[in-house]
Amino acid sequence: MRSTRIAVSAALVGALALPLASATAANAAPAQVPASMTNPSCSQGSWVVGTKAVTIRSKASASSTAVGILYRGHKFTVHKTSGKWRYITDRTTGVKGWVSAKYVYHVAGMCLD
């Protein structure tokens with residue numbers, strides 16, 4: 001009876017170890033980056049507003065004049081970064097100015113063929 005339990009335990013351990021051994025062998029091959037990931041024309045994600053709205057300012061300062069409001073869902077382009085500020089163009093309204101980097105995020109994208 002005891003030898004049966006040992007044999008069953010050994011078979012179970014062997015069956016559990018088999019997928020681990022084959023996974024290790026499969027992961028040992030060097031990874032290749034797909035051509036679409038190195039293609040410079042591939043889009044790397046877009047920018048989004050992380051709150052309901054953010055004030056667009058004339059200068060990169062919280063005390064500068066407000067020139068507009070960038071709402072969640074608006075499409076916008078980030079032209080440059082200065083410290084914790086981003087210079088943007090709101091493509092919905094055409095307004096250009098600075099927004100705090102705390103409220104706009106670059107979404108990581110993935111390129112697929």
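Predicted model: local features only at pLDDT ≥ 70, side-chain atom pairs only at ≥ 80, totals over all residues.
Visitor: Where does Y105 sit in the fold?
Guide: Y105 is in strand 7, residues 104–106. With V48 and V107, Y105 makes a nonpolar surface patch of about 230 Å².

Visitor: Back up a bit. What elements does the protein have, and in what order?
Guide: The protein has two helices and seven strands. Starting from the N terminus, the order is α-α-β-β-β-β-β-β-β.

Visitor: How much of the protein is buried?
Guide: Of its 113 residues, 21% count as buried. The accessible surface comes to about 8400 Å², and 60% of that belongs to carbon and sulfur atoms.

Visitor: What's in the largest nonpolar core?
Guide: Nine residues: V49, V54, I56, L70, F76, V78, I88, V99 and V104. Strand 2 (53–57) and strand 4 (76–82) are the elements that give two or more residues to this core.

Visitor: Take F76 from that list. Buried or exposed?
Guide: F76 counts as buried, because its relative accessibility is 3%. F76 is found in strand 4.

Visitor: What does F76 touch?
Guide: Leaving out neighbours within four places in sequence, F76 is in contact with W47, V48, V49, L70, I88, T89, D90, R91 and V104.

Visitor: D90 is on there. How far apart are the C-alpha atoms of F76 and D90?
Guide: They are separated by 4.4 Å, with the two residues 14 apart along the chain.

Visitor: And across the whole protein, what share of contacts with a separation of 6 or more is between residues 24 or more positions apart?
Guide: Such pairs account for 42% of those contacts.

Visitor: New topic: strands 5 and 6. How do they run, and how many bridges join them?
Guide: Strand 5 (residues 85–90) and strand 6 run antiparallel, joined by five bridges. I88 stands opposite G97 in strand 6.

Visitor: What about the hairpin between strand 5 and strand 6?
Guide: It has five residues between the strands, and G94 takes a positive phi near 85°.

Visitor: Last one. Why is strand 6 called largely enclosed?
Guide: Strand 6 covers residues 96–100, and four of its five residues are buried, so the strand is largely enclosed by the rest of the structure.

Key
Residues numbered from 1 in each chain as written. Heavy atoms only, no water. Buried < 20%, exposed > 50% of the residue type's maximum accessible area, 1.4 Å probe, protein only. Pairing = 2+ DSSP bridges. Core = buried A, V, L, I, M, F, W, Y, C linked by side-chain atoms within 4.5 Å. Contact = heavy atoms within 4.5 Å. Patch = residues over 30% accessible without salt bridge, like charges linked within 9 Å, V, L, I, M, F, W, Y side chains within 5 Å. Areas by Shrake-Rupley, 256 points an atom, 1.4 Å probe, with all protein chains shown as cover. Salt bridge = Lys/Arg side-chain N within 4 Å of Asp/Glu carboxyl O.
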